[in-house]
Amino acid sequence: MSSGAREFDDDPRNRQREMHRAHEAFLTVGSDLDPKRDSVRPMVLESWQRALSLGVDPDRALAPVDCATADLERLRESHPLSSVIHVIRRLLGDDAEDSGHLMAITDATGVLLWVEGAHALRSKAEAMNFVEGARWSEDCAGTNAPGTALALDRAVQVFASEHFSRIVQPWTCSAAPIHDPLTGELLGIVDLTGGHQIGSPHARALVQATVAAAESELRFMALAKRASTAVESVRPSGARSAAHSTSRLEVLGRDDAALSGPAGTIHLSRRHAELMLLIMAHPDGLTVEKLSSHLSESESAPVTIRAEMSRLRQHIGEGFISSRPYRIAVNLTSDLDDVRSLLRRGSLRRALAAYPGPVLPSSTSPGIVEMREDLRAELRAALLQTEHVDLLFGYAQTPDGWDDVELWERCLALLPRLSSRRNTVVARLQRLEAADPMALRRHLWVPPVRAT
């Protein structure tokens with residue numbers, strides 16, 4: 001561990017008592033506190049002194065919530081860490097529901113962009129404003145791992161009563177800064193917050209390893225972008241012009257597809273929509289044989305696939321799809337990609353607004369069915385983690401969510417007890433139970449609230 005850090009491997013209860021006494025003594029004698037005598041780490045004492053000089057009140061210091069929901073979503077979408085949130089979630093967040101900790105990510109000013117973990121723990125953390133949109137810099141919240149890591153630009157752990165604000169002292173946190181790997185610019189903080197176990201060397205190492213993995217991914221993405229720009233610069237001007245013309249494929253909530261480009265909009269049959277989408281999903285290209293296997297469980301003859309591809313290329317124009325293997329030869333986006341991108345950036349509200357329905361809902365092609373189910377699973381996973389009951393309730397009433405017991409149960413758990421929508425949710429759960437008694441494995445019936 002770096003200089004000034006302490007491994008919290010002694011009895012946490014003793015450590016908590018020590019730090020409580022030291023904190024109370026500091027608020028009495030201030031800078032006269034002796035770090036060795038009072039068992040206070042120099043890093044913590046210096047942070048306490050900064051908080052005191054900044055006018056932070058240890059009894060009233062609640063981190064201000066600076067961002068409304070819409071502003072927060074815009075901030076997330078434009079932030080560089082939105083492109084690596086999947087890496088951080090995979091290493092820190094996937095087990096947060098069961099491991100008794102919260103995963104948080106801030107921007108370079110200390111605003112919490114993402115806070116994820118078990119619903120009960122997040123509810124408890126709301127009491128100290130440890131919520132998305134709150135600013136946890138030292139000048140707002142005193143000594144805390146995200147804020148102090150920002151102030152020092154290095155990994156820190158803050159244990160229990162080492163926090164300057166008393167309301168935060170039941171918690172322990174480990175945090176580390178994350179930087180742009182090419183410029184060195186500070187992008188934000190990755191943090192774990194929970195009980196005494198978060199003060200362990202293991203927790204600190206896990207946060208630092210996660211930051212290293214995210215920075216490695218950022219470096220790879222930046223270098224790939226540079227390489228792409230270099231290749232683009234040596235293309236003939238005509239080829240560059242064609243490459244910069246972007247077309248768009250719309251396949252959500254419809255059985256055919258619409259292909260829009262500089263020349264206008266072309267409507268595609270379901271079969272042509274399947275072909276376009278399958279080829280688009282494989283940027284390295286698909287051979288006739290591979291395309292056939294994604295298109296149908298009963299393998300089609302290569303000559304049949306080639307004939308269908310020939311008709312598709314005639315319909316949409318030359319130069320759109322290259323062959324041997326088949327691949328998209330122009331810049332092509334899709335509404336499917338839009339929804340996935342929004343989900344991976346944490347913009348669930350916008351993702352749902354951009355989702356009119358499943359991918360080519362009538363298609364039975366194996367490759368399309370897999371894409372459809374993958375997107376539905378991504379949406380469902382995000383919904384089961386959200387605290388926004390309006391999003392959950394709206395989706396549960398769509399064909400995708402209508403028979404999903406777990407979604408309805410989650411609605412019931414989040415709705416206020418006196419909400420008028422609670423009757424609707426309970427009634428739906430009762431119908432699902434009547435249709436399939438085994439479906440409600442965890443549901444405990446709650447009487448509907450009667451209007452007064």
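**Entry 1: the hairpin**

I began with the hairpin of β1 and β2, where four residues lie between the strands and G110 takes a positive phi near 100°. I note that this is a predicted model. I looked up how the two strands run: β1 and β2 pair in the antiparallel sense, over five bridges. I then picked T106 and found that its bridge partner in β2 is L112. Next I checked burial along strand β2, residues 112-117, and counted six of its six residues as buried. I wrote down a general point beside this: in a regular strand the side chains alternate between the two faces of the sheet.

**Entry 2: helix α8**

Is helix α8 largely enclosed or open? I found six of the eight residues of α8 (residues 145-152) to be buried, so the helix is largely enclosed by the rest of the structure. I listed the buried ones as A145, P146, G147, T148, A149 and L150. I then asked what covers the buried residues of α8. The cover includes the helices α2 (42-53) and α7 (138-141). It also includes the strands β1 (101-107), β3 (156-159), β4 (172-179) and β5 (186-194).

I looked at both ends of the helix.

**Entry 3: aromatic pairs**

I searched the whole structure for aromatic pairs and got five. I took F26 and F164: their ring centres are 6.5 Å apart and their planes stand at 75°, so I recorded the pair as edge-to-face. This pair links distant parts of the chain, with F26 in helix α1 (residues 12-29) and F164 in the loop between β3 and β4, 138 residues apart. I found both F26 and F164 buried.

I took F393 and W408 next: the centres of their rings are 6.3 Å apart and the planes are at 85°, so this pair is edge-to-face. F393 is in helix α17 (residues 389-396) and W408 is in helix α18 (residues 405-414), so the pair ties together parts that are 15 residues apart in sequence. I checked burial here: F393 is buried, and W408 is buried too.

I also noted one aromatic cluster formed by F26, W48 and F164.

**Entry 4: charges over rings**

Which ring does the charged end of R421 sit over? I found it over the ring of F393, 5.0 Å from the ring's centre.

Definitions and conventions
Residues are numbered from 1 along each chain as its sequence is written. This is a predicted model: local features need pLDDT of at least 70, side-chain atom pairs count only at pLDDT 80 or more; totals for chains, interfaces and linings use all residues. Side-chain values use heavy atoms; hydrogens and water are left out. Buried means under 20% relative accessible area, exposed over 50%, partly exposed in between (1.4 Å probe, protein chains only). Contact means heavy atoms within 4.5 Å. Rings of Phe, Tyr and Trp (its six-membered ring) pair if their centres lie within 6.5 Å; planes under 30 degrees apart count as stacked, over 60 as edge-to-face and the rest as tilted. A charge sits over a ring if NZ of Lys or CZ of Arg is within 6 Å of the ring centre and within 35 degrees of the ring normal. Two strands pair if DSSP finds at least two bridges between them.
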